[in-house]
Amino acid sequence: MIRATTLEDISTVQQIAKISWNDTYKDIIPEEIQKLFLEKAYSKMMLAKRIEKTLFLLAEYQGQPIGFANFTLVDEDGDIELTAIYVLPEFQQNGYGKKLIQAGLEKLHTGRQLFVYVESKNDGARVFYENFGFECLEEFDEYFEGHPLSTAKYVYLLKTPTY
């Protein structure tokens, strides 16, 4: 089941984020950088703001939250960004990530294209997005909390532009 995230889900989202981040980035991003990012991006105040101002969905299995996805709302150009999607490791590769994206796209049906930024060495995520139909537009180097990373920018076209 996919549902809207509520303020009561904040501690659950924090736990899913921490477990998923540590599992996903253990060989890519140093643990202290992960901790610093998680403390900021997944603080109670930041999550409350994200739940209020964006589309924040929670996936459940047998009533237990197992993953989430966070989307920006459709902007004036018809763009949407998938800012976060995490599923607990033991539930990955069971279709929950795909269901989260599909549910987000149904709610944001007026959008034209969905963007996502992925750490270039995150092979599992890259395969997931490419299998979904995303296309890699570019890769670039940047600093993440002071740590150098390479990032891949992907797009998924929802509607063909009309001119």
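**Figure 1. Contacts and overall fold of the protein.** Of the contacts between residues at least 6 apart in sequence, 60% join residues at least 24 apart. The model shown is predicted. The protein has 5 helices and 7 strands, which follow one another along the sequence in the pattern β-α-α-α-β-β-β-α-β-α-β-β. The C-alpha trace spans about 50 × 35 × 30 Å along its principal axes. The radius of gyration is 15 Å, which agrees with the value near 15 Å that a compact globule of 163 residues would have.

**Figure 2. Surface and charge of the protein.** Buried residues account for 44% of the 163 residues. The side chains include 17 positive and 25 negative ones. The centres of these two sets lie 5 Å apart.

**Figure 3. Strand S2 and its pairing with S1.** Strand S2 covers residues 55-61. S2 is mostly covered, with 6 of its 7 residues buried. Strand S1, residues 2-4, runs antiparallel to S2 and is joined to S2 by 3 bridges. Within this pairing, alanine 4 has leucine 57 of S2 as its bridge partner.

**Figure 4. Pairing of S2 with S3.** Strand S3 spans residues 64-71. S2 and S3 pair in the antiparallel sense, and the pairing extends over 7 bridges. Leucine 58 stands opposite phenylalanine 68 of S3. The two strands form a hairpin with 2 residues between them.

**Figure 5. Glutamine 62 in the loop between S2 and S3.** Glutamine 62 lies in the loop that links strand S2 to strand S3. In this hairpin, glutamine 62 takes a positive phi near 50 degrees, although the residue is not a glycine. The relative accessible area of glutamine 62 is 68%, so the residue is exposed, the cut-off for this class being over 50%.

**Figure 6. Glutamate 145 in the loop between S6 and S7.** Glutamate 145 is placed between strand S6, residues 135-144, and strand S7, residues 147-157. Glutamate 145 also has a positive phi, about 50 degrees, without being a glycine. With a relative accessibility of 27%, glutamate 145 counts as partly exposed, because this value falls between the 20% limit for buried residues and the 50% limit for exposed ones.

Notes: Residues are numbered from 1 along each chain as its sequence is written. This is a predicted model: local features need pLDDT of at least 70, side-chain atom pairs count only at pLDDT 80 or more; totals for chains, interfaces and linings use all residues. Side-chain values use heavy atoms; hydrogens and water are left out. Helices (H or I, at least four residues) and strands (E, at least two) are DSSP runs, numbered from the N terminus. The radius of gyration is taken over C-alpha atoms; the globule rule is 2.2 Å times the number of residues to the power 0.38. Buried means under 20% relative accessible area, exposed over 50%, partly exposed in between (1.4 Å probe, protein chains only). Contact means heavy atoms within 4.5 Å. Lys and Arg count as positive and Asp and Glu as negative; His and the chain ends are not counted. The place of a charge is taken as NZ of Lys, CZ of Arg, CG of Asp or CD of Glu. Two strands pair if DSSP finds at least two bridges between them.
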